[in-house]
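Hi,

Here is the model I promised you. Have a look at it first, and then read on for what turned up.

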Amino acid sequence: MDSKQKVRGFSCSIHQIGNLGLQLLWSLVHLLISIGYFVVAAAAAVESYLISSGLLTRYKVLNISKLKYLAIVIESDDAVQTSKVVQLLRWLEVMGVKRMCLYDAQGVLKKSKASIVKMLDNAVLFEELDEKDLLEKPKCMALEFASMSDGKEGVVKAANLLFAKYMELGNRDGLDDEFFTEAQVGEALRAVGCKGPEPDLLLVYAPVRCHLGFPAWRTRYTEIVHMGSLKSMRLGSLTKAIYKFTRVRQNYGK
Amino acid sequence: MDKANERASGLLGRLSGFMRSCLFKVLCMGPIPTHFSFIMDGNRRYAKKMDMGEGAGHRAGFFALVSVLKYCYEVGVKYISVYAFSIDNFKRRPEEVKTIMDLILEKTEGLLEEGSIADQYGVRVYFVGNLKLLSEQVRIAAEKVMEATAHNTRCVLLICIAYTSCDEIVNSVRECCKDKMEEIEDEEGDDLVDIEKHMYMGVAPDPDILLRSSGEKRLSNYQLWQTTHCTLYSPTALWPEISLLHVVWGILKFQRSYAYFEKKKKKML
């Protein structure tokens, strides 16, 4: 009995030592990865400097006409830094980007939209544009502000609107499947205020590459590029991201 | 000579399996994704690169898929979803669509055989998407596999076929409205829970990490609704070139972003 307990105790200790060893190895792997990311970030900073100072000539000419609508997703905790957001928008304005959507999940940017537009010289809110303005070549920057409530909650509102519309038709014999189409859902979304177009490019200023709930209906073929956190934003990295986007060719599934 | 070669390759196989299991033991010291999603992009480009015939890229892609499934199930991922065929892919040349559908039919019927991956790993298989768009043969085969694997509980494989997120959302809205019609005395509108309950992907939790091969940075109408808090990973390797290294790197990326997403999810509750 004694010897069995001793063996059990011994194997338990071996198991604990083994686990400790594995834990140390795991921590070492992640430490090496962090060092690697630090080196990559340093190289990216140098490259960004070379791009913004004009030394890397291939980034001097941007075919900005290919970028019809840009979306910027910002981590909500960083979105309070209005001055950083305005700086980013000024860089984009100089590049010639005229139409864009600013998104953060919790709606922090929505609350400061008036002050952001005021701090820019030549910007209006997207909802102030009419059909005619949307068709013409943009004269000033039009900014749309979105949050999580324009995503999943927008679809819920659109569903309720569609249901109400369907009931008005008076057909209670069963649901006509043909009534519910992508076009109908798209129209219902516009009717409940989720009007913005599908962005061509979505830049993510957050710790992780993730769209953080940007309206699903609008990101079918959107290029999603991770830019790092807002506090480490750089003009050179922004230029490179937009340059790379203008070189992308899509098949749209074909 | 043949026997010696066989013995050597058997030994190498056992050695690589042992090293893989050591690697997984280290990985498992951190959180493992519950749901790993894949967009299998680059099969045609692979066939062109390797100068192969039409359809050969997709066959090579199938072998990569089986390997990836094995690695994920071995490391402890419970749910795996793959984008096998988009509704947009029906716009391809009819001969190409037929080649892919024939391959899907062949491999789907293969899942019913003894010793298949579903059998080996106790995988429950779901075919997720607008199955009415498929040919009767493929649809019946898919339904047979779903029925045959319904009792499996260890792991889950979701094969997204004839699927797009937009179609999924439209279907969910339609089903919600159908439910509301049947309970017409209930004056309350739909809510988020109702919409999510009717999603094709409602049988699995949201993905924790989504890997799209070939370096493309878009989701192409795949799991747009489900990827609010999902790490997006785009290795440049074409799908048939995806290997253990990419699966391991994906899991390491997930582990690095785990704390961030847990904090986000807690804020939402």
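Keep in mind that this is a predicted model. Let's begin where the two chains meet: helix α1 of chain A (residues 2-52) packs against α1(B) at an angle of about 80 degrees, and their axes are 8 Å apart. An angle between 65 and 115 degrees counts as roughly perpendicular, so that is how α1(A) sits relative to α1(B). On the chain A side, the contact is made by Leu22(A), Leu25(A) and Trp26(A), and on the chain B side by Lys25(B), Val26(B) and Leu27(B).

Arg20(B), Leu23(B), Phe24(B) and Leu27(B) of α1(B) meet Leu244(B), Val248(B), Ile251(B), Leu252(B) and Gln255(B) of α9(B). By class, this contact has 7 nonpolar, 1 polar and 1 charged residues.

Now the sheet in chain B. Its 6 strands run in the order β3-β4-β2-β1-β5-β6, with parallel pairing, and the sheet is open. β3 (123-128) and β6 (231-233) of chain B are the edge strands; each has a single partner, so one side of each has no neighbour in the sheet. On average, neighbouring strands are turned by 20 degrees against each other, ignoring direction. β1(B) (residues 35-39) and β2(B) (residues 79-86) are joined in parallel by 5 bridges, and Ser37(B) has Ser81(B) as its bridge partner in β2(B).

Helices pack on this sheet too. α9(B) touches β1, β5 (209-212) and β6 of chain B, and its direction makes about 155 degrees with that of β6(B). Helix α4 of chain B (residues 94-110) lies across β2, β3 and β4 (155-163) of chain B, at about 150 degrees to β2(B).

One more helix in chain B: of the 18 residues in α7(B), 14 are buried, so the rest of the structure largely encloses it.

Back in chain A, strands β1(A) (residues 70-74) and β2(A) (residues 99-103) run parallel, joined by 4 bridges, with Ile72(A) opposite Leu102(A). In β2(A), 5 of the 5 residues are buried. Arg99(A), Cys101(A) and Tyr103(A) point one way from the strand, while Met100(A) and Leu102(A) point the other way.

Cheers

Methods
Residues are numbered from 1 along each chain as its sequence is written. Chains are lettered from A and ligands numbered from 1 in the order in which they are written. This is a predicted model: local features need pLDDT of at least 70, side-chain atom pairs count only at pLDDT 80 or more; totals for chains, interfaces and linings use all residues. Side-chain values use heavy atoms; hydrogens and water are left out. Buried means under 20% relative accessible area, exposed over 50%, partly exposed in between (1.4 Å probe, protein chains only). Contact means heavy atoms within 4.5 Å. Ala, Val, Leu, Ile, Met, Phe, Trp, Tyr, Cys and Pro count as nonpolar, Asp, Glu, Lys and Arg as charged, and the others, Gly among them, as polar. Two strands pair if DSSP finds at least two bridges between them. Axes are lines fitted to C-alpha atoms, for helices over the stretch in contact, and angles run from 0 to 180 degrees between N-to-C directions. Angles under 35 degrees count as roughly parallel, over 145 as roughly antiparallel, 65 to 115 as roughly perpendicular and the rest as oblique.
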